[in-house]
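Q: I am new to this structure and would be grateful for a close look at a single part of it. Please set that part in the context of the whole.

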Amino acid sequence: MNFNLLLITLIIFSCIFFNKISFRFGIPTLFVFILLGMAFGSDGFARISFNNFALSETVCSVALIFIMFYGGFGTNWKMARPVARQSILLSTAGVFLTALFLGLFLFLLLRRELWLCFLTGSTLASTDAASVFSVLRSRKLDLKENTASILELESGSNDPMAYMLTLVCLSFLTGKADVGSILRLLTAQLVFGVLCGLLSYRILKSVSFEVDGFDVIFIAGIALFSYALSAALGGNGYLSTYLTGIILGNVKMSGKKNIVHFFDGLTGLMQIAVFFLL
């Protein structure tokens, strides 16, 4: 037990140390975390044999909830609104075309089943929100023509299309293609996402806190609630969490500075966990 705690502490300190180095020399931070994970893994010097896929899924899912929420929370809607049409176009048609062309390329290259190639293309077509938020905000890149806002909004809203394409490919592979149910699922993802975001905002407005710090805990609970409720109703939990973050991040609330500081540290830790496990 003590050895495991010592090892976890060593891993955390290593990640923080290499984060400083990578930032100074311009090396992608998330890439460094993957290398650290390999170094501590079964083929590295620590020889940690890790094959608990269920635990990895749980940790990464919870981490992505907070990463998506804070990605939305830090999105300035006044800057994002003028590019909302371009972002939505990229997160729908852009994802579809990426999956289509990648699937065709794999089909011509590997000569495997067509729908299997499209399935591979669909799983790779969406942008990784954690990487986009990390790179754009840690580097504070001054991209022209509101490109940063387009990329952030697109990366946070492309899950429904990728999810739908994956389901379509799986339906054709299993011979259970049903266009009506797929369209209903996509609609549910969008509708429940918006409704959960608005409901979370109404809950936040009706609650007042007399003890410092409780508002931060409550906001973290709101992020988890928006994901769980939408997922339970058949929507896309990550999209719901992202929309909730946008709504809450663009309204006036007390203690917002403390919330930002808390989620800065929390999402940094979550990103380390996700890419270290990968």
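Is T166 buried or exposed, and what is its relative accessible area?

A: The model discussed here is predicted. T166 is buried, because its relative accessible area is 18%, and the cut-off for a buried residue is under 20%. T166 belongs to helix α9 (residues 159–174). Leaving aside residues up to four places away in sequence, T166 touches L119, S122 and T123.

L124 lies in helix α6 (residues 114–125). With a relative accessible area of 54%, L124 is exposed, whereas T166 is buried. Along the chain, L124 and T166 are 42 residues apart, and their C-alpha atoms are separated by 10.0 Å.

Another part of the protein, helix α3 (residues 53–73), may be described for context. Several residues of α3 are buried, including S56, A63, I65, F66 and I67. Buried residues of α3 also include M68, F69, Y70, G71, G72 and F73.

Helix α3 meets helix α12 (residues 237–249), and the axes of the two come within 6 Å and cross at roughly 35°. The crossing of α3 past α12 is right-handed. On the α3 side, the residues in contact include L64, I65, M68 and F69, and among their counterparts in α12 are Y238, Y242, I246 and L248. The residues of this contact between α3 and α12 divide into nine nonpolar, seven polar and no charged.

Finally, a word on confidence. The protein averages a pLDDT of 77, and 81% of the residues score at least 70. Confidence is highest in helix α5 (residues 84–110), at a mean of 89, and lowest in helix α7 (residues 129–139), at 66. Where pLDDT is low, the predicted coordinates should not be read in detail.

Methods:
Residues numbered from 1 in each chain as written. Predicted model: local features only at pLDDT ≥ 70, side-chain atom pairs only at ≥ 80, totals over all residues. Heavy atoms only, no water. pLDDT = per-residue confidence, 0-100. Helix = DSSP H or I, 4+ residues; strand = E, 2+ residues; numbered from the N terminus. Buried < 20%, exposed > 50% of the residue type's maximum accessible area, 1.4 Å probe, protein only. Axes fitted to C-alpha atoms, helices over the stretch in contact; angles between N-to-C directions. Left-handed = near helix turned anticlockwise from the far one by under 90°. Contact = heavy atoms within 4.5 Å. Nonpolar A, V, L, I, M, F, W, Y, C, P; charged D, E, K, R; others polar.
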